[in-house]
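Visitor: I am new to this structure and would like to learn how to read it. Could you walk me through it, one feature at a time?

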Amino acid sequence: MTDLPGVTERARQVAERTANDRDTVTSRPERRRLWGVLAFSAVVVAVSAAAIPTIISWAPWEPDAVISREFPITDGGKSTDCVVIIRAVQAENATGAEAEADLENARRFLQEEDWSAISVDLDDLDAYLDSMPPEQRALREETGINPPALLSMLTSNEVSAVFEQAGYLTSSVFLESTGRCGEVTK
């Protein structure tokens, strides 16, 4: 300490100002860093939204799973792209925390499952058509349901079977699906 009048007080003021300036200096980069993180997050969200395939713009609801396949529809090598969207839905009569938990678990399963192993081809389509009673087969031909649409339906059936085997198909949760196929592409 010094005996000079005012020096101690002045030293204290300088020390406080320096400490305050240091806080201000360190907080500015933190603010910049925060704004940088927020700006980066906004860009990531925008890019993610832009990356959502336009093929599901027709979806009537937000899907939990999107399965896209290119199906051969003739022996000549022609193919068509089909997209099947699927979601878990809570039954109208299901209420309460347990029903909501069942729905969330089912949705998580659909979203996290690797659906790349789902395989449907023309042999499956032939087997399905052969298993139909003649009246249903005639109705299918009459209504003009085409092979790509049937292949999409069979894909949805495969997902339903996996979903049921995993134990997510309950009295409170069911699956809803729809599909769309493009024109012959090749």
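Guide: We will go from the overall layout to salt bridges and then to surface charge. Please keep in mind that this is a predicted model.

Visitor: Let me begin with the layout. How many helices and strands does the protein have?

Guide: There are 5 helices and 3 strands. Reading from the N terminus, the order of elements is α-β-β-α-α-α-α-β.

Visitor: What share of the residues counts as buried?

Guide: Burial is judged by relative accessible area, with under 20% as the cut-off for buried. Here 23% of the 186 residues fall in that class. As for the surface, the protein exposes about 12,700 Å², and 53% of this comes from carbon and sulfur atoms.

Visitor: And which part of the contacts joins residues at least 24 apart?

Guide: Take the contacts between residues at least 6 apart in sequence; 69% of them join residues at least 24 apart.

Visitor: Now to salt bridges. How many does the structure hold?

Guide: To find one, look for a side-chain nitrogen of Lys or Arg within 4 Å of a carboxyl oxygen of Asp or Glu. The structure holds 3 salt bridges.

Visitor: Which residue forms a salt bridge with Arg107?

Guide: The partner of Arg107 is Asp64, and their closest N and O atoms are 2.7 Å apart. This pair links distant parts of the chain: Arg107 sits in helix 2 (residues 97-112), while Asp64 belongs to the loop between helix 1 (7-51) and strand 1 (65-72), 43 residues apart.

Visitor: Is Asp64 buried or exposed?

Guide: Asp64 is buried, because its relative accessible area is 7%. Arg107, with 23%, is partly exposed.

Visitor: What about Arg87: which side chain does it meet in a salt bridge?

Guide: Arg87 meets Glu176, at 2.6 Å from N to O. Here too, distant parts of the chain are linked, with Arg87 in strand 2 (residues 79-90) and Glu176 in strand 3 (residues 173-184), 89 residues apart.

Visitor: Why does Arg87 count as partly exposed?

Guide: Partly exposed is the class between the buried and exposed cut-offs, under 20% and over 50%. Arg87 has 24% relative accessibility, so it belongs there. Glu176 is partly exposed as well, with a relative accessible area of 28%.

Visitor: Which residue is joined to Asp130 by a salt bridge?

Guide: That is Arg137; the N to O distance in this pair is 3.5 Å. Asp130 is exposed, with a relative accessible area of 57%, whereas Arg137 is partly exposed at 28%.

Visitor: Where is Asp126 found, and why does it count as partly exposed?

Guide: Asp126 is found in helix 3. Its relative accessibility is 42%, so Asp126 counts as partly exposed.

Methods: Residues numbered from 1 in each chain as written. Predicted model: local features only at pLDDT ≥ 70, side-chain atom pairs only at ≥ 80, totals over all residues. Heavy atoms only, no water. Helix = DSSP H or I, 4+ residues; strand = E, 2+ residues; numbered from the N terminus. Buried < 20%, exposed > 50% of the residue type's maximum accessible area, 1.4 Å probe, protein only. Contact = heavy atoms within 4.5 Å. Areas by Shrake-Rupley, 256 points an atom, 1.4 Å probe, with all protein chains shown as cover.
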